[in-house]
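Subject: Handover of a structure

Dear colleague,

Please find below the structure that I am handing over to you. My notes on what was found in it follow directly after.

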Amino acid sequence: MTLILAHRGYAAEYPENTMLAFKEAEKAGADGLELDVQMTRDGELVVIHDEKVDRTTDGTGLVKDYTLGDLRKLDARFKFKELSRREQIPSLEEVLEWLAGTRLVCNIELKNSIIPYEGMEEKVIDMVRAYELSDRIIISSFNHYSIVQSYLLAPEIEIAPLLSEGLYMPWIYAQSIKAKGFHPHWRAAPDQIVTASLESGIEVRPYTVNKESELERLFKVNCSAVITDDPAKAKIIREKLFT
Ligand code: G3P
Ligand code: MG
């Protein structure tokens, strides 16, 4: 059955990449999460999509210029100002500690194609190993050098290249870098690409699938997973099709 991975947590209804969004995704019945990792000035891994804090917090400037302590002072409620509680940018450690007590899988996206954070792969791997989560984590990135580096450091942790455009026979490319799957934009995942990849033993997990018609299509073609902002909606559609 196609897994439902909550993109930046339950981002349709809660502030993206916050503990609230991750916990609500689990409550909504997601099978797993997708989250984005950047690095602070003091070398800490933090869960935030953009290189800058401006869009999703009340602060300004680059994540890499903040210490973890100063980042934690920012309010990450973002456009959900009606929430009574402040939300913080989580550290990756905080998320993994919580994740270890759940059954969720987790796609950690390394946000290192714009800023090449030195040593990010090793730090992520050390943390995944410390929480004994190697078999529930998929490391992805638009920076394919980085995921190959991750594979070389930790062949037991699955890697997946992110593809923003269609690739000719992407399953061959995935196999060539020892990835067991790839994460294409949904437009780059037509039925024939999904089917040919699955037949070659390569998993396909398209992002960010929010349209009902696309969710339905990908469930019907038995895609490995969908990465969606709205895990509750995806779950209803999946249940309707298969019960
Ligand atoms: O990992 C899938 C998707 O999140 C990639 O794009 O920009 O939403 O991180 P973005
Ligand atoms: Mg992402």
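Aspartate 75 counts as buried, because its relative accessibility is 7%; here buried means under 20% relative accessible area, exposed over 50%, and partly exposed in between, with a 1.4 Å probe and protein chains only. Its side chain meets that of arginine 77 in a salt bridge of 2.6 Å, N to O, a salt bridge being a side-chain nitrogen of Lys or Arg within 4 Å of a carboxyl oxygen of Asp or Glu. Arginine 77 counts as buried too, at 13% relative accessibility.

Please note that this is a predicted model, in which local features need pLDDT of at least 70 and side-chain atom pairs count only at pLDDT 80 or more, while totals for chains, interfaces and linings use all residues. Residues are numbered from 1 along each chain as its sequence is written, chains are lettered from A and ligands numbered from 1 in the order in which they are written, and side-chain values use heavy atoms, with hydrogens and water left out.

Salt bridges

The structure holds 20 salt bridges. One of them joins the side chains of aspartate 50 and arginine 55 at 2.8 Å, N to O. Aspartate 50 counts as buried, with 16% relative accessibility, whereas arginine 55, at 37%, counts as partly exposed. Both residues belong to a network of salt bridges that links Arg8, Glu16, Asp36, Asp50, Arg55, Glu109 and Lys111.

Glutamate 156 and arginine 129 also meet through their side chains, at 2.7 Å, N to O. This pair links distant parts of the chain, 27 residues apart: glutamate 156 is in the loop between α5 (144-153) and β6 (158-163), and arginine 129 is in helix α4. Helices (H or I, at least four residues) and strands (E, at least two) are DSSP runs, numbered from the N terminus. Glutamate 156 is partly exposed, with a relative accessible area of 41%, and arginine 129 counts as partly exposed at 38% relative accessibility.

The magnesium site

The magnesium ion (ligand 2) is coordinated at 1.9 to 2.1 Å by Glu34 (OE), Asp36 (OD) and Glu109 (OE). Donors are N, O and S atoms within 2.8 Å of the metal (3.2 Å for Na, K and Ca), and the site may look incomplete because water is not among the atoms. The spacing of the donor residues in sequence is E-x1-D-x72-E. Glutamate 34 lies in strand β2 and glutamate 109 in strand β4, so this pair ties together parts that are 75 residues apart in sequence.

Strands around β4

Five of the six residues of β4 (residues 105-110) are buried, so this strand is largely enclosed by the rest of the structure. β4 pairs with strand β2 (residues 32-39) in the parallel sense over six bridges; two strands pair if DSSP finds at least two bridges between them. In this pairing, cysteine 106 of β4 is the bridge partner of leucine 33. Strand β5 (residues 137-141) runs parallel to β4 and is joined to it by four bridges, with isoleucine 137 of β5 as the bridge partner of cysteine 106. From β4 the chain crosses through helix α4 (residues 120-130) to β5 in a right-handed β-α-β crossover: with the strands pointing away from the viewer, the path from the first strand over the helix to the second runs clockwise.

A nonpolar core is a set of buried Ala, Val, Leu, Ile, Met, Phe, Trp, Tyr and Cys residues joined through side-chain atoms within 4.5 Å. The largest has 58 residues, of which Leu92, Ile108 and Ile137 touch the most other members. Another core, of 10 residues, lies apart from it and includes Ile48, Leu71, Leu74 and Ala76.

In helix α1 (residues 19-27), Met19, Ala21, Phe22, Glu24 and Ala25 are the buried residues. They pack against β1 (3-7), β2, β3 (45-47), α3 (92-100) and α9 (231-242), contact meaning heavy atoms within 4.5 Å.

Yours sincerely
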